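The sequence and structure come first.

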Amino acid sequence: MPAIKINGVHKHFGALHALRGIDLTIEQGEFFALLGPNGAGKSTLINILAGLISPSAGEISVMGFDVQKQYQQARQLLGVVPQELVFDPFFNVREMLRFQAGYFGRGRENDAWVDEILEGLGLADKAKANMRSLSGGMKRRALIAQALAHKPPVVVLDEPTAGVDVELRQMLWEFIKKLNREGHTIILTTHYLEEAETLCNRVAMMKQGQVVALDTTSSLLNKFSGKHLRLTLGNVSLPSGIEQLVRHAENGIYTFALDDMAQIEFVLSALRTADIKVLDMQLNEADLEDVFLSLVGESGKDAVRSVS
Amino acid sequence: MMNDAGINSIARFATALRGPWTLLKKELLRFWRVAFQTVAAPVITALLYLLIFSHVLESHVQVYDGVPYTAFLIPGLIMMSVLQNAFANSSSSLIQSKVMGNIVFILLTPLTHVQFFLAFLIAAIIRGLVVGVCIYLVAMWFIDISIANLWWIIAFALLGSALLGTFGIIAGIWADRFDQMAAFQNFIIMPLTFLSGVFYSIHSLPPFWQKVSQLNPFFYMIDGFRYGFFGAGDVDPMFSLRVVGGAFLVLALITLKMLKSGYKLRS
């Protein structure tokens, strides 16, 4: 039985067709990434999965339970980390976790698990701190802890590392990886493509309410096996012959997407002819960002740039 | 001896109860943590009303034979505070959770709409009753208050706070901002409570305003509650109880329907 099964899901917000027929199956134990620019429909899809909004058509099930018709069972199996940094100012961290577990029918017998989460997320010394007094990063951890309080087999993280510093991100991923090893299915949406690349075994890319790519991370990368030539040229105008190879240009640093090594000579000779000096040079393998940009296009590029 | 299946089903029932019980406990703790504001403040307000109005009117007004004005005033003030605080509890909890965004923590759980309703309702009733009992205890210092029939008092206190707690849930779901909630409180709750006969018997009003007062559900809650203290009122308490009970049922059904459809909570 799949962890998540999404079947022909559409969502209209008035005139906006936010989801245009999503079909997706995520197996138990997967570490799955949902990528896409802002407005692609990732959060809408997750909100339908979580029962926060209802689909205009189609259905979603969690471990075989329909999220609408059998919402009690479905929600029992699901832990969702919301994207916004929300908290209840009346309580401290441990109280919030106890309440959250309690809503799912778990009592004192769950306390050992709550301690484990607090420990794993580095929140142990903040257990008695009021939610209001926590820093942004700590609030983010508490938010993740709350989603895990009832020990759900399927965990959904909506942009968990947005605005989180590098150290905390590492720690979060270690913890999430551990959960995944212990058998939890993990689904995350992220803007940080390198995270999806290193963590996730499968990736779905969304654009304008549709899934435009769905494959294992490795085979997506294989499909786009080209090289990247990064040249620092300064403020110049490129000769027309090589302009179309430019994938990215910023502050005088040009990234050329090359199909094979022979094209390097082509680019360099064109530059020499145009009398443009190469100040620095780097050659990279393609990464998920390239796959993302080539599939999602310009709108995606902006989204990626805005967070990087 | 109970068999395993029996024990199992009891265990399942206990687990199923734990969800709504947790929500109720959270709602109770929420106001208890700030009891200075949620309990002490309304008690002080009611006592100020009592001091001022009884000082000004004691020698001028007599509503029922042999009942001093201060004694007449106290049950009205208690009930007014019970109602206002029951409304304030559910409405402010919901609007705060919505504005802060933390309502999502409840929406993500398997709690049903009935459990959601009951938790907020019972918390509102308890807040109302706690405030009411505190005012009663303090008022006893000032004046002897007789009790003619405790059951009427309990019935109207419970039903009245349930009605206003439910109304508070509706307001909390409907309002998107604090100013909308303030409008609810200032333009609906306050006028209806002040014009319900807390400070006077409607028999002292011109006939037209007596009729208008009888359209105000708050009038029946106050009058029925007061009947429990003096054994006398403006209308038959049984009739008042039916009005209040009917109003509660209607509002409860509307609230359950709103919660079930996810109105303004789940889009």
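## Helix α9 of chain B

Helix α9 of chain B covers residues 217–230, and its 14 residues reach 20 Å from the first C-alpha to the last, close to the 20 Å expected at 1.5 Å a residue. The expected span is 1.5 Å times one less than the number of residues. Helices here are DSSP runs of H or I with at least four residues, strands are runs of E with at least two, and both are numbered from the N terminus.

Of the 14 residues in α9(B), 13 are buried, so the helix is mostly covered. Buried means that 20 or more other C-beta atoms, placed from the backbone, lie within 10 Å of the residue's own. After α9(B) comes G231(B), with a positive phi near 65 degrees.

## Basis of the model

The model is predicted: local features need pLDDT of at least 70 and side-chain atom pairs count only at pLDDT 80 or more, while totals for chains, interfaces and linings use all residues. Residues are numbered from 1 along each chain as its sequence is written, and chains are lettered from A and ligands numbered from 1 in the order in which they are written.

## Chain A overall

Chain A contains eleven helices and 14 strands. Its C-alpha atoms fill a box of roughly 75 × 45 × 35 Å along the principal axes. Of the 308 residues in chain A, 41% are buried.

An automatic or database assignment divides chain A into domain 1 (4–216) and domain 2 (222–307). The C-alpha centres of these two domains of chain A are 35 Å apart.

## The six-stranded sheet

In chain A, six strands form an open sheet of mixed pairing, in the order β6-β7-β8-β3-β9-β10. Strands pair if DSSP finds at least two bridges between them. β6 (78–81) and β10 (210–216) of chain A each have a single partner strand, so one side of each lacks a neighbour in the sheet. The twist averages 15 degrees from one strand to the next.

Within chain A, β3 (31–35) and β8 (185–189) pair in the parallel sense over four bridges. F31(A) stands opposite I186(A) in β8(A).

## Contact between the chains

The contact takes 24 residues from chain A and 22 residues from chain B, where contact means C-beta atoms, placed from the backbone, within 7 Å. On the chain A side, α2 (71–76) and α3 (93–103) are the elements that give two or more residues.

Conventions:
Buried ≥ 20, exposed ≤ 12 C-beta atoms within 10 Å, placed from the backbone. Contact = placed C-beta atoms within 7 Å. Axes fitted to C-alpha atoms, helices over the stretch in contact; angles between N-to-C directions.
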